[in-house]
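Let's take a walk through a protein together. Have a look at the picture first, and then we'll go through it piece by piece.

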Amino acid sequence: MAAQPQRPSLGVEERSDNGSRASRRLRREGLIPGIVYGGKDCSSVKINARELRSALISSSAVIDLKVGDSKVVPVIVKDTQLHPVRDEIMHIDLLEVDLTEKIQTVVPLELEGAEEAPGAKEGGVIEHVTRELNIESLPTSIPERIVADVSHMEAAATMHLSELTAPEGVVFLDDPEETIVATVTIPTEVVEPDVEEETELVGDAAADVVGDADGEAGGDDSEGGGEGS
């Protein structure tokens, strides 16, 4: 079994001021407002933005959270709110976990080998259908991501979750036969209309109209001459 990555530690301070105005003031000071959930209790905290980013880029899903000087608790990220334009965390929710009990969570699903797939080389488009998977595992076994190798996919092929092997200690909770990981779609050829042929038809029709118009005009002149005589 591969060694577990060292868990990052993150210091936080409890905060009593809540609301959007207080949160904006914290962000101006380089702090991120957050909530730590633990059982039936939850506490509002503030976290140094730079230290938070450093902890989140770690390959470990579990973070040792130091709440003031009182205690250290293991937590995982429950949810993050990002700025709609800038790639910045506006708020974060953390969940206290028991390292000996399995939990259910969501991890990203990524594709690799798309450029080498025979279907892609034949002009097909690989569509990434499912981007997140629901899993169950111990907190210390939560993978950073699940990777699906699509380098073997032929044209018009479909890959289901049943074709993936879960990492050790991880159970997929999504339906393996119903969950589509990726597909290879062949673009539909669009038949362009024959513009030249259509132009000729329009020209013939126009000539007929002109001929009819000339005939009608000649008939009117003949009738007019008869009346005048």
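Which residue lies over the face of tyrosine 37? That would be lysine 78, at 5.2 Å from the ring centre. A charge sits over a ring if NZ of Lys or CZ of Arg is within 6 Å of the ring centre and within 35 degrees of the ring normal.

Before we go on, some ground rules. This is a predicted model, where local features need pLDDT of at least 70 and side-chain atom pairs count only at pLDDT 80 or more, while totals for chains, interfaces and linings use all residues. Residues are numbered from 1 along each chain as its sequence is written, and side-chain values use heavy atoms, with hydrogens and water left out.

Now zoom out. The protein chain has four helices and 13 strands (DSSP runs numbered from the N terminus: H or I of at least four residues for helices, E of at least two for strands). Of its 229 residues, 29% are buried, meaning under 20% relative accessible area with a 1.4 Å probe, protein chains only.

Let's visit one of the strands. Strand E3 covers residues 41-48, and isoleucine 47 is found there. Isoleucine 47 counts as buried because its relative accessible area is 0%. Leaving out residues up to four places away in sequence, isoleucine 47 touches Leu10, Gly11 and Val12, then Gly30, Leu31 and Ile32, and also Leu52, Ile92 and Leu94. Contact here means heavy atoms within 4.5 Å.

Next come the greasy parts. A nonpolar core is a set of buried Ala, Val, Leu, Ile, Met, Phe, Trp, Tyr and Cys residues joined through side-chain atoms within 4.5 Å. The largest one has 21 residues, and Leu133, Leu164 and Val181 touch the most other members. Strands E7 (103-112), E9 (132-137), E10 (146-149) and E13 (180-185) each supply at least two residues of this core. Apart from it lies another core of 17 residues, including Val36, Ala49, Ala55 and Val67.

Finally, look for the largest pocket, with a volume of about 1,000 Å³. A pocket is an open set of points on a 1 Å grid where a 1.4 Å probe fits, with protein on both sides within 12 Å along at least five of seven lines; lining residues have an atom within 4 Å of a point. The volume is the space filled by probe spheres set on the points. Of the 35 lining residues, Leu56, Val77, Asp79, Thr80 and Ile89 are the closest to the pocket's centre. Strand E5 gives the most to this lining, with six residues.

Key: Buried means under 20% relative accessible area, exposed over 50%, partly exposed in between (1.4 Å probe, protein chains only).
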